[in-house]
Amino acid sequence: MAWTTADIPDLSGRVAVVTGANGGLGVEVSRELARKGAFVVMASRDQGKAEEARGSILTEIPGASLELQALDLASQASVRKAAERILRTHPDIDMLVNNAGVMAIPERRTEDGFEMQLAVNHLGHFALTALLVPVLLRSHDARVVSVTSTGRHSGRPIDPDNPHLQGRYEPWRAYGQSKLANVHFALELDRRFRAADVAARSIVVHPGFVNTDLQARSVRETGGGRSQRFFRSAVVRFGMTPARGALSLLRAATDPNAVGGALYTPRWVNWGPPVRRPLFGRSRNRDAMKSLWEVSERETGITFDLRPA
């Protein structure tokens, strides 16, 4: 039997934080978690779009428990402020869905001097997770969900001496690096959870080929780059809906039998219901995971404390 939203258990009393919740996969994840009774913190950079997304959910689910939270993952200061505000009002958090991301954009640097794709797709989520994890560990079944893509196959492990690709930047190279980083982060976090003997699971998902604003934004920011236009055209014609693409994220976040340190992805790689798939090759490179963790702590100045708050 294919896993669907009907398999999501009752989530009453549970709290979820979802990044990039202003549209696409994020709003669909927020919608289904709220439908099952969870209190959802919708963390987004664009608060105007987030308000529209919240309104769309409330129209469908009038009793949904939703809270908007400003979060710019490209700014470490914003990440710290958002985490502080979340912790102030939510002493218990059960799920963190690190969904937000950018894809194959022109070279840009953040206010912290980070390469933009690595900053948003990985370093911002690394910092947010570290700041929220002591509270997550108070849950009897905490989940941290990280989102990768097939771009990970072209990615290379982080170079500790040049994590921001100075002089070596290319949009798809940077994207692949960040998506492989998502895998290495998720697996290393789960390994650390198990070593600390805590009741938490870190899971990585690939949502599939999904028609969201991710590809459209890539086209806008590159001024209509050829490869970006190709993928935008293809996803419009052949991509799954955001609701279908969100299933892998939802299964990882809610399925009682979901396995920590595993990959959940559509059955036919980019299409189909969510299933568990094995990870091979560089995805399981322990040296690369260790190096990524060291680089991430160095760049963000944040370390993980795996003791419950």
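**Helix packing in a predicted model**

Okay, let's start with helix 1, residues 24-35, and helix 8, residues 242-254: these two pack at an angle of about 55°, and their axes are 8 Å apart. That angle makes helix 1 oblique to helix 8. As for handedness, the crossing of these two helices is right-handed. Before I go on, please keep in mind that this is a predicted model.

So who touches whom here? On the helix 1 side you have Gly24, Leu25, Glu28, Val29, Glu32 and Leu33, and they meet Pro242, Ala243, Gly245, Ala246, Leu249, Leu250 and Thr254 of helix 8. Sort that contact by class and you get 8 nonpolar, 3 polar and 2 charged residues.

While we're on helix 8, have a look at Ser248, which also sits in that helix. Is Ser248 buried or exposed? Its relative accessibility is 2%, so Ser248 counts as buried, the cut-off for buried being under 20%. And what is Ser248 in contact with, once you leave aside its neighbours within four places in sequence? The list is Val205, His206, Pro207, Tyr264, Thr265, Pro266 and Pro274.

Now for another pair. Helix 5 covers residues 171-196 and helix 9 covers residues 286-300; their axes come within 9 Å and cross at roughly 90°. That makes helix 5 roughly perpendicular to helix 9. From helix 5, the residues making the contact are Ala181, His184, Phe185, Leu187, Glu188, Leu189, Arg191 and Arg192, and helix 9 brings in Arg286, Ala288, Met289, Leu292 and Trp293. By class, this contact has 8 nonpolar residues, 1 polar and 4 charged.

Let's zoom out to the whole chain. There are 9 helices and 8 strands in it. How does the radius of gyration fit with a compact globule? For 309 residues, a compact globule would come out near 19 Å, and the chain has 18 Å, so the two agree. Along the principal axes, the C-alpha atoms fill a box of roughly 50 × 45 × 40 Å.

Two last numbers for the chain. Of its 309 residues, 57% count as buried. Then take the contacts between residues at least 6 apart in sequence: 77% of those join residues at least 24 apart.

How values were computed
Residues are numbered from 1 along each chain as its sequence is written. This is a predicted model: local features need pLDDT of at least 70, side-chain atom pairs count only at pLDDT 80 or more; totals for chains, interfaces and linings use all residues. Side-chain values use heavy atoms; hydrogens and water are left out. Axes are lines fitted to C-alpha atoms, for helices over the stretch in contact, and angles run from 0 to 180 degrees between N-to-C directions. Helices (H or I, at least four residues) and strands (E, at least two) are DSSP runs, numbered from the N terminus. Angles under 35 degrees count as roughly parallel, over 145 as roughly antiparallel, 65 to 115 as roughly perpendicular and the rest as oblique. A crossing is left-handed if the near helix is turned anticlockwise from the far one by less than a right angle, and right-handed if clockwise. Contact means heavy atoms within 4.5 Å. Ala, Val, Leu, Ile, Met, Phe, Trp, Tyr, Cys and Pro count as nonpolar, Asp, Glu, Lys and Arg as charged, and the others, Gly among them, as polar. Buried means under 20% relative accessible area, exposed over 50%, partly exposed in between (1.4 Å probe, protein chains only). The radius of gyration is taken over C-alpha atoms; the globule rule is 2.2 Å times the number of residues to the power 0.38.
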